Amino acid sequence: MHPWLPFEWIAATRFLREGRMQSLLIIVGVGVGVSVIVFMSALLTGLQGNLLKRTLSSQAHIVLLPPEEIARPQRADAGVLQKQAQRLRSIDQWQNIRARLAAMPEIAAVSPVASGPAFAVRGEANKSVTLLGIEPAHYTRIIALDEKIVAGSLRLNAGEAVIGNELARELGAGVGDKLRLNSASGATDTLTITGLFDLGNKGVNAPNVYVGLRTAQTLLDLVGGVSSIDLGLVDIYSAETIARRLTAETGLQADSWIKTNAQFFTALTSQKVSSNVIRFFVGLSVAFGIASVLVVSVVQRAREIGILRAMGTTRGQILRTFLLQGGIVGLCGSLLGSLLAWLFLSLWQTLARNPDGTPMFAITVELWLVLVSAAGATLVGILAAFIPARRAAALDPVVAIRG
Amino acid sequence: MAEPAAVLELAGIHKSYGRGSSLEVEVLHGIELSLLRGEFAALIGPSGSGKSTLLNLIGLLDRPSSGHLAIDGAATAGLDDRALTRLRGRRIGFVFQHHLLIPAFTALENVMLPMLAARGRPDGEMRQRASDLLSQVGLGERQHHPASQLSGGQQQRVAIARALVMRPSLVLADEPTGNLDTQSADGVFALMRTINEQQGTSFLVVTHDPRLAGRCDRQIELVDGRIVADTQRTG
């Protein structure tokens, strides 16, 4: 009995220790529940982080495009209006817009891009490609192209190009080889391949040909202009809000990754919702478990509670003794649960591996998750103990002692 | 200020159960009783005479339906549960027939219990007092044993030490030797007597045992909820 512990602590810990089997079982029960919550949270955070990283590794958070051209009738009674075909155009005043965007604190990176369709020709091979004129220093802050180079280097001076390794294979070309590009406008240029990249996505690998911004402007007949501005954001989840604001401010069309990947984003959201539902019900069953064990304990200890009351223990002291038991069970259970979750995750990490043996994705049990679940389980324990504790406090000592 | 001579005063105490229903039963019919400081009284009577009910009322575990009840001159009518609990904890010690210790606590902790409940947390003085009392009842060696590991007689001695720890004015003992063999019973009774003589604590002992009752200073006999005899031992 420690000198500083109040009566309620002494009684609560003694009661738990005395009811060894009961206490152990319920703590393990709480532990299993908490471990499911912690394991699921960590797994989901890791999985979603990984999916997001993969999705966003090959696209900008927001893409600014020139506004769509709309056909306007010259006379009021023009009859049927045909929709206008959209041609490749430059963004008006893009240098000014770029400077304004770069000054916004929520925007981490701004990269002007001149892109359009072209044909890559090499010998007999003739492939349709997407030509992307970029400034590598800015572009790589949004899409880490420099980290995806598998051969050569990301060097895009005049007359140089970096292509996907898929395209290189199809064209039978390698680093140092020449490649001829014919644009839709009829312009032609012969470029030297300085590097090959692999974005881990065949759809992106195949058609992209990166060149310097000026090279692309010339080929696409967009001299001095850019067809889009790619943005990287500080907070990726605010993309849609920022996109709407930018449309309002600049008059440009702003496509956020959330809109572009609507289905993927919906999947992420519904995953979160369903995991919250599971967490809630696991928490609820933990609460019922604690409550039922304490209800039984109150019945078993009715006589002792009667004695305590006869010895001058107040209803409040009895109430707090049982609330504390709930809290202690919750706390111990959550610590055990965090440990179990950590074991599950270690096991998961060794089992779930890519074909090449590297871990599928990184999962860590973060300290805040452990602390939050410990605080949550303690609170749930105290709340669950409320009904049994009130019953204990309300016991009539006369009946309790005689019973 | 001189302490009042009567540790217990009962006047016109009635107690009924099931009030307001057709099954209302009156168990005590107007009890008049007072107990003086230092008295050692036996409460006797057949089963169902209302002894336990009376003891519960005196012990402030239950409230009378009507009448005046004062402990150490303090009237108890109108006190709330908290105040009754406080008064009970400080002025009254209990010794029950079935020992009724808390098995999860050691002998020492069981003795400390009333002080612990009153003050909220343990301190050195409390520990010392409990330890002294255990030595006094002959259990100085066993103070750190869990209550559940003591023999019946030993448990009852712990219960007596516990009853005395708050220096109560009155100890209520309900068949304190009912569960003990003759030898242990004699020992426990002698212990209560010694404390009564040395410290002037009043005792009210409920008993079925005429031998034990005969050794008390005063015998109060309860029959059908009324006091039918109240005799002082002569000689």
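Residues are numbered from 1 along each chain as its sequence is written, while chains are lettered from A and ligands numbered from 1 in the order in which they are written. Because this is a predicted model, local features need pLDDT of at least 70 and side-chain atom pairs count only at pLDDT 80 or more, whereas totals for chains, interfaces and linings use all residues.

**View 1. Confidence along chain A.** Among the elements of chain A, the lowest mean pLDDT, 65, belongs to helix 6 (residues 202-205), and the highest, 92, to helix 14 (residues 386-394). Helices (H or I, at least four residues) and strands (E, at least two) are DSSP runs, numbered from the N terminus. Where pLDDT is low, the predicted coordinates should not be read in detail.

**View 2. The four-stranded open sheet of chain B.** The strands of this sheet follow the order 2-1-4-5 with antiparallel pairing, two strands being paired if DSSP finds at least two bridges between them. Its edge strands, each of which pairs on one side only, are strand 2 (25-36) and strand 5 (74-75) of chain B. Strand 1 (residues 6-17) of chain B runs antiparallel to strand 4 of chain B and is joined to it by five bridges, with His14(B) having Ser66(B) in strand 4 as its bridge partner. Strand 4 (residues 66-71) of chain B is in turn joined by two bridges to the antiparallel strand 5 of chain B, where Ala75(B) is the bridge partner of Ala70(B). Strand 4 and strand 5 of chain B form a hairpin with two residues between them, and Asp72(B) in the turn has a positive phi of about 50 degrees.

View 3. Six bridges connect strand 9 (residues 218-223) of chain B with strand 10 of chain B, the two running antiparallel, and Val223(B) stands opposite Arg226(B) in strand 10. Axes are lines fitted to C-alpha atoms, for helices over the stretch in contact, and angles run from 0 to 180 degrees between N-to-C directions; two residues are in contact if their C-beta atoms, placed from the backbone, lie within 7 Å.

**View 4. Arg157(B) in helix 5 of chain B.** Arg157(B) counts as buried because 26 other C-beta atoms lie within 10 Å. A residue is buried if 20 or more other C-beta atoms lie within 10 Å of its own, exposed if 12 or fewer, and partly exposed in between, with C-beta atoms placed from the backbone. Not counting residues up to four places away in sequence, Arg157(B) touches Val137(B), Gly138(B), Leu139(B), Val188(B) and Leu191(B). Gly187(B) is 30 residues from Arg157(B) in sequence and 9.1 Å from it in space, C-alpha to C-alpha.

**View 5. The contact between chain A and chain B.** Chain B contributes 28 residues to the contact and chain A 22 residues. On the side of chain B that touches chain A, helix 2 (81-91) and helix 3 (107-119) of chain B are the elements that give two or more residues, and the largest share, seven residues, comes from helix 2.

**View 6. Helix 11 of chain A and its cover.** Helix 11 (residues 302-310) of chain A is mostly covered, with seven of its nine residues buried, among them Glu304(A), Ile307(A) and Arg309(A). What covers these buried residues includes helix 12, helix 14 and helix 15 (397-402) of chain A together with strand 6 of chain B. Gly312(A), which follows helix 11 of chain A, has a positive phi, near 100 degrees.

Technical notes:
pLDDT = per-residue confidence, 0-100.
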